[in-house]
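Please open the structure in a viewer and keep the selection tool at hand.

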Amino acid sequence: SIHSKAMPYAITDVNQMSQNKFVNAFGAVYEETPAIAAQAWKKRPFENLSQLHQAMCAVISGLSETEQLRLIRAHPELGSKVRMAAASVQEQSGAGLSQLSATEYERFNALNAAYKKKFNFPFVMAIKGYEKTEILAAFEARLQCSNQEERARSLAEITQIARFRLNDLITTF
């Protein structure tokens with residue numbers, strides 16, 4: 001059966017998927033990193049969405065520092081006009097980042113540049129439910145953190161983004 005965006009998968013269907021089908025369905029949960037889904041697939045069967053999410057989180061925990069940095073760097077800059085995954089486009093427009101004024105756009109550009117210069121990876125935040133003013137405030141606060149704190153924080157944000165994306169892909173009943 002072919003699933004459209006409107007029809008999320010039931011966990012029983014997820015557990016029956018071939019690795020290929022699973023990666024096609026969930027490979028984009030982590031930006032440009034389908035290998036996470038490929039690894040998590042091996043942990044089937046999943047009782048529920050949370051268990052699937054935990055399996056994916058375990059894959060990330062097992063990544064080397066270099067691989068974790070690669071995952072963080074796969075994320076688009078917030079408020080930038082670069083091409084990005086469909087889910088990112090939706091998340092950013094939901095937070096009002098697709099309609100920035102020229103001043104706001106400049107502010108995001110300046111913060112993105114400062115952040116990237118300091119940490120050598122893009123600012124990542126699970127922005128669903130936040131307004132652009134709150135995102136800018138978080139941006140400025142996190143610029144004060146250490147590299148290690150920010151790497152851990154970015155992975156935590158990526159984990160939250162993945163959870164939001166899985167919520168859209170799997171039925172919870």
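**First stop: Arg151**

Select Arg151 and display its surroundings: with neighbours within four places in sequence left aside, Arg151 is in contact with Glu65, Leu69, Ile72 and Phe121, where contact means heavy atoms within 4.5 Å. Arg151 lies in helix α9; helices (H or I, at least four residues) and strands (E, at least two) are DSSP runs, numbered from the N terminus. With a relative accessible area of 15%, Arg151 is buried. The term buried means under 20% relative accessible area, exposed means over 50%, and partly exposed lies in between (1.4 Å probe, protein chains only).

The model is predicted, so to speak of local features requires pLDDT of at least 70 and side-chain atom pairs count only at pLDDT 80 or more, while totals for chains, interfaces and linings use all residues. Residues are numbered from 1 along each chain as its sequence is written, and side-chain values use heavy atoms, with hydrogens and water left out.

**The whole chain**

Now select the entire protein chain and colour it by secondary structure. The chain has nine helices and zero strands, and from the N terminus on its elements run α-α-α-α-α-α-α-α-α. Of its 173 residues, 43% count as buried. Among contacts in the chain with a separation of 6 or more, 69% are between residues 24 or more positions apart.

**The nonpolar core**

Which residues touch the most other members of the largest nonpolar core? Select Phe22, Phe26, Tyr30, Met56 and Ile170, which hold that place among the 49 residues of this core. A nonpolar core is a set of buried Ala, Val, Leu, Ile, Met, Phe, Trp, Tyr and Cys residues joined through side-chain atoms within 4.5 Å. At least two residues of the core are supplied by each of α1 (11–16), α2 (19–26), α3 (35–41), α4 (49–61), α5 (65–73), α7 (102–119), α8 (132–142) and α9 (147–169). The largest share, seven residues, comes from α4.

Tyr30 is buried, with a relative accessible area of 1%. Beyond its neighbours within four places in sequence, Tyr30 is in contact with Ile36, His53, Met56, Cys57, Ile60, Leu71, Ile158, Thr159 and Ala162. The C-alpha atoms of Tyr30 and Met56 are separated by 9.2 Å, and the two residues are 26 residues apart along the chain.

**Helices α4 and α9**

Two packed helices are described by the angle between their axes and the distance between the axes. Select α4 and α9, which pack at an angle of about 150 degrees with their axes 10 Å apart. Axes are lines fitted to C-alpha atoms, for helices over the stretch in contact, and angles run from 0 to 180 degrees between N-to-C directions.

To see the contact, show Leu49, Ser50, Leu52, His53, Met56, Cys57 and Ile60 in α4, which meet Leu155, Thr159, Ala162, Arg163, Leu166 and Asn167 in α9. By class, this contact of α4 with α9 has eight nonpolar, four polar and one charged residues. Here Ala, Val, Leu, Ile, Met, Phe, Trp, Tyr, Cys and Pro count as nonpolar, Asp, Glu, Lys and Arg as charged, and the others, Gly among them, as polar.

**Helices α7 and α9**

Next, select α7 together with α9: the two pack at an angle of about 115 degrees, with their axes 10 Å apart. That makes α7 roughly perpendicular to α9, a term for angles of 65 to 115 degrees, whereas under 35 counts as roughly parallel, over 145 as roughly antiparallel and the rest as oblique. Tyr115, Lys118 and Phe119 of α7 make the contact with Asn147, Glu150 and Ser154 of α9.

Is Glu150 buried or exposed? At 1% relative accessibility, Glu150 counts as buried. Not counting residues up to four places away in sequence, Glu150 touches Tyr115, Phe119, Phe121, Arg142 and Cys145.

Move along α9 to Glu157, also in this helix. Glu157 counts as buried at 11% relative accessibility. Its contacts, leaving aside neighbours within four places in sequence, are Val124, Met125, Ala126 and Arg142.
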